[in-house]
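Here is my note on the model, as numbered points. Please read it with the structure open.

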Amino acid sequence: IEFFSLHKLCDDYLSLKKRYATLLTDSLLVKSRKLNKKKNSYIYQMNNSLEKLFKVCQQIKSKKKIAKPQSLSTDDTKKITILNKFASTMLKPNVFEAIRNTYTIDEFLSSLKLLLQVDMLTLSKKNQQFIQEVQSSFNENVFRKQYESWISKCDLLEELESNEMYKKRKKLFE
């Protein structure tokens with residue numbers, strides 16, 4: 001009985017070793033890992049660009065009176081509506097998926113510019129400072145390139161995940 005157990009254990013080990021080697025070298029699985037790694041890298045970079053705005057968006061969403069007490073024009077009311085939508089989107093758990101599903105990149109950047117330029121908001125001093133920091137450090141072209149690259153990686157991953165061969169191989173290793 002002990003010999004049989006040892007033999008079975010060796011067979012299991014060799015089988016696992018072979019499956020692991022396949023996992024490491026399978027071209028579809030390797031491609032998936034590389035795409036995910038690159039996608040996550042873009043998310044990290046974009047988060048760094050926008051991280052100071054998350055607190056600002058929390059304040060916008062939590063305050064009933066976000067605008068200065070002066071009477072608001074119709075144009076100002078539209079701006080507040082745009083900023084509320086922007087803040088809601090920015091506070092979603094998967095912010096970049098939320099952006100992708102809510103805006104085009106141009107619409108998103110336009111809303112972001114509005115937030116950075118608007119002076120009618122009653123923000124805390126800390127959030128005003130965050131806005132100034134983002135104004136001085138945010139590079140629209142870099143962000144646009146990162147976002148478009150992230151979208152590209154997402155599309156490639158979705159395409160890969162619809163591949164039947166990939167699904168079968170992935171299922172083997174789950």
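1. Start with the outward side of α6. Lys125, Gln132 and Ser136 are exposed there. The buried residues of α6 are Asn127, Phe130, Ile131 and Val134. Viewed down the axis of α6, these buried residues fall within an arc of 100°, so they line one face of the helix. The exposed residues named above lie on the other side. As a general point, an α-helix has 3.6 residues a turn, so residues three or four places apart point the same way.

2. The protein chain averages a pLDDT of 86. Of its residues, 87% score at least 70. Confidence is lowest in helix α1, residues 2–25, at a mean of 71. It is highest in helix α7, residues 140–161, at 96. Where pLDDT is low, the predicted coordinates should not be read in detail.

3. What makes up the fold? The protein chain has eight helices and zero strands. From the N terminus on, the elements run α-α-α-α-α-α-α-α. Buried residues make up 32% of the 174 residues in the chain.

4. Next, the largest pocket. About 180 Å³ of space lies in it. Twelve residues line this pocket, and the closest to its centre are Val118, Asp119, Leu123, Gln128 and Ile131. Which of them gives the largest share? That is α6, with four residues.

5. Seven of its residues are nonpolar, three are polar and two are charged.

6. One contact across the sequence is worth checking on screen. Asn36 sits in helix α2, residues 27–62. Is Asn36 buried, exposed or partly exposed? Asn36 is partly exposed, because its relative accessible area is 27%, and the partly exposed class lies between under 20% for buried and over 50% for exposed. Asn36 and Cys154 are 118 residues apart in sequence. In space, the two are 8.3 Å apart, C-alpha to C-alpha.

Methods. Residues numbered from 1 in each chain as written. Predicted model: local features only at pLDDT ≥ 70, side-chain atom pairs only at ≥ 80, totals over all residues. Heavy atoms only, no water. pLDDT = per-residue confidence, 0-100. Helix = DSSP H or I, 4+ residues; strand = E, 2+ residues; numbered from the N terminus. 1 Å grid on protein atoms, 1.4 Å probe; cavity = no way out; pocket = protein on both sides within 12 Å on 5 of 7 lines; lining within 4 Å. Points joined across faces, edges and corners; volume = space filled by probe spheres on them. Nonpolar A, V, L, I, M, F, W, Y, C, P; charged D, E, K, R; others polar. Buried < 20%, exposed > 50% of the residue type's maximum accessible area, 1.4 Å probe, protein only. Arc of directions from axis to C-beta.
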